[in-house]
Amino acid sequence: MIVANKKPVGEIIEYVKDCNKILVLGCNECVTVCEAGGKKEVGVLASALRIYFANQGKDVAIAERTLERQCDHEYLEEIRDIADQYDAVVSLACGVGIQFTAEKYHSIPVYPGVNTCFMGATEQRGLWVERCQACGTCVLAYTGGICPISRCAKRILNGPCGGSSKGSCEINKEIPCAWQLIIDRLKALDRLDLYEKLFQIKDWSTDRAGGPRKVKREDVQI
Amino acid sequence: MSAKTPSTLEKVMAAGHLGVTSECGPPRGSDPETIKHKAELLRGYVDAVNVTDNQTSVVRTSSLATCIHLKLMGIEPVLQMVTRDRNRIALQSDILGAASFDVNNVLCLSGDHQSFGDNPQGQNVHDLDSMQLVWTVRKMRDEGKFLGGDEIKRPPKMFVGAAANPFADPFEIRVMRLAKKIEAGAEFIQTQCIYNLDKFEEWIRQARDRGLTEKTYIMAGVTPLKSAGMAKYMKNRVPGMDVPDEVVKRMADTPKDKQAEEGVNICVETIQRLKEIDGVKGFHIMAIEWEEKVPEIVKRAGLYPRPQID
Amino acid sequence: MRLTYPSSVKIVRVPCSGKVDVQHLLRAFEKGADGVYIVGCKEGECHYKYGNFRARKRVEQVQKILSDVGLEGERVQMYNLSSSDGPLFVKYAAEMDERIRKLGPNPIKARVKAKTRNQQAA
């Protein structure tokens, strides 16, 4: 899922401190799972903002709403009737949802309530780890299912580098060396022959470098 | 193996002599005098001088510019290139830049992560990795073509090298990795500095068994220890470095004012032991900020004078 | 045990301190509470194993939120005791009462009261 983290309340207050009616908009998918922007987090932020404004001596109405997703037109339409009542929307969705909301309701400022971090998985409650950087050309078949682009700090395709030490990355002992993991896995799968082959130079044009990307499926468009 | 490029380093080793290189770290400023001074200390004692490339991710004068200074002084440089800071366009461009000054040696590396240096907030590039860079330079030289496919006018004539670390983890694939680098086109290999001779011998034995020592010139890296403190630091704080306890003890047991001398002794002894090992084709003496010791080390190790090859 | 504790303390009973969530604590302050504290079992003795640990984490979270929005974090606290320890309960109640009196009333209480009056009038 997309993993995000709550922005500090102080930062959000900076965005909305001059507003009178604010909608805190959550999302029921990824940000709910990583406990950053779901219904619960919406409630907590709304509460915090109410206390803040009351303490400032201001009467500010804070509304709460959580949509199924903010990255699909149909769900965003659900607030069509009420959107223009607000001076601002604080969206707790990932960067995608925040932008889609802003595009849909372009006369209202839409502020981010979270920092979107990466695509990752729940290793355990309270710990989410990065696994994918959407390079656009997946090579997991050759690396035993472990991604050298998202898990190697230098995204080396013919690793490990000389800094790999006792299974850890040179930049931080807590980060496993991706290539150590790949080698261990290939060994377990009896496919070290994949390691011996030189990984060719990568085409980064399907990555961020090639510019904003899209996926078009004409077979499902009419 | 006969020399394919005008590189002095290649010619020396192709003729069957042990090659000797050392290192020159560019300054954190634009004064060329520091470069000239360091390089002058090494003149005549080495076949080529490596110029580091923003080592440890700390901004210094560029390796390319420093190589040009050396070239103009009549000292043969080895251009070290890391893939951390430049994309494939800049890398190929710098190769051409170096070739335009007839810099004939290049060492391809990944580079330390930028979090170690003075700009931890910067981006890193790694458009290519070190092996892919080796492959690229070989393509530019042997096919005379850019990565994009177009012809290069006056292709670079460079002797291409890579680094190897027999002491990094995981040990079991270090020789496989060496094989990969050679397959990618590495013609010479400079290793991480050696203190653990047993482990090095094991690594090179495996390399010999795979026939790798015949396909590339392996240059053993050595670094003289300045003090017991340095030995301990390298043992505990530098990833991929193997300093056995006996070495630390030997330094620690020496009185402080004699430790530097003992460090040089250990270095010379290490070279002499390494000379006996089949497959070692040269030495890379890394004496950072201690370049003045290199002449003594080269002489005492019986590597002076350097052979003159035409 | 017939021990007395300050009348400022209003008790809300829950099956486990772990039932109390961040929103409950914040809501209390929104409504004008001067202080809120959770009394849970001693650590390691929670009937539901980790409920009291969760409660403590939530209290810490709310302490941070309160100080981020301009109130004093100390207004919310976590206490642990054995359910039969009457005297300790009283001690903690008195401690909390004294702490809150020193801090003074909830700064937004006046506003909350005024708003409620207006709403009732309307």
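How many helices and how many strands does chain C have? Chain C has four helices and two strands, where helices (H or I, at least four residues) and strands (E, at least two) are DSSP runs numbered from the N terminus. This is a predicted model, in which local features need pLDDT of at least 70 and side-chain atom pairs count only at pLDDT 80 or more, while totals for chains, interfaces and linings use all residues. Residues are numbered from 1 along each chain as its sequence is written, and chains are lettered from A and ligands numbered from 1 in the order in which they are written.

**View 1. Overall build of chain C.** From the N terminus on, the order of elements in chain C is α-β-α-β-α-α. The C-alpha trace of chain C spans about 50 × 30 × 25 Å along its principal axes. Of the 122 residues in chain C, 27% are buried; a residue is buried if 20 or more other C-beta atoms lie within 10 Å of its own, exposed if 12 or fewer, and partly exposed in between, with C-beta atoms placed from the backbone. Among contacts in chain C between residues at least 6 apart in sequence, 69% join residues at least 24 apart. Two residues are in contact if their C-beta atoms, placed from the backbone, lie within 7 Å.

**View 2. The contact of chain A with chain C.** This contact takes 14 residues from chain A and 15 residues from chain C. On the chain A side, the elements that give two or more residues are α1 (9-16) and α3 (39-55). The largest share of that side, ten residues, comes from α3(A). By class, the chain A side divides into seven nonpolar, five polar and two charged residues. Here Ala, Val, Leu, Ile, Met, Phe, Trp, Tyr, Cys and Pro count as nonpolar, Asp, Glu, Lys and Arg as charged, and the others, Gly among them, as polar.

**View 3. Helix α1 of chain C.** In α1(C) (residues 22-30), the buried residues are C:Leu25, C:Leu26, C:Ala28 and C:Phe29. They lie on the same side of α1(C) because they cover an arc of only 155 degrees around the axis, the arc being that of the directions from the helix axis to the C-beta atoms. These buried residues pack against α3 of chain A together with β1 (36-40), α2 (51-68) and β2 (76-80) of chain C. Just after α1(C), C:Gly32 has a positive phi of about 110 degrees.

**View 4. The contact of chain A with chain B.** Among the two pairs of chains that touch, chains A and B have the most contacts. The contact takes 22 residues from chain A and 24 residues from chain B. In chain A, α7 (178-188) and α8 (192-196) are the elements that give two or more residues to this side. That side of chain A has ten nonpolar, seven polar and five charged residues. Chain B and chain C do not touch, and their nearest C-alpha atoms are 27 Å apart.

**View 5. The open sheet of chain A.** Four strands, paired in parallel, form an open sheet with the order β3-β2-β4-β5; two strands pair if DSSP finds at least two bridges between them. At the edges stand β3 (61-67) and β5 (110-112) of chain A, each with a single partner strand, so one side of each is left without a neighbour in the sheet. The twist from one strand to the next averages 25 degrees. Strand β2 (residues 21-27) of chain A runs parallel to β3(A) and is joined to β3(A) by seven bridges. A:Arg65 in β3(A) is the bridge partner of A:Leu25. Helix α3(A) lies across β2 and β3 of chain A and runs at about 170 degrees to β3(A). Axes are lines fitted to C-alpha atoms, for helices over the stretch in contact, and angles run from 0 to 180 degrees between N-to-C directions.

**View 6. Strand β7 of chain B.** Six of the six residues of β7(B) (residues 217-222) are buried, so β7(B) is largely enclosed by the rest of the structure. B:Tyr217, B:Met219 and B:Gly221 are buried on one side, and B:Ile218, B:Ala220 and B:Val222 on the other. Strand β6 (residues 188-193) of chain B pairs with β7(B) in the parallel sense over four bridges. B:Ile189 stands opposite B:Ile218 of β7(B).
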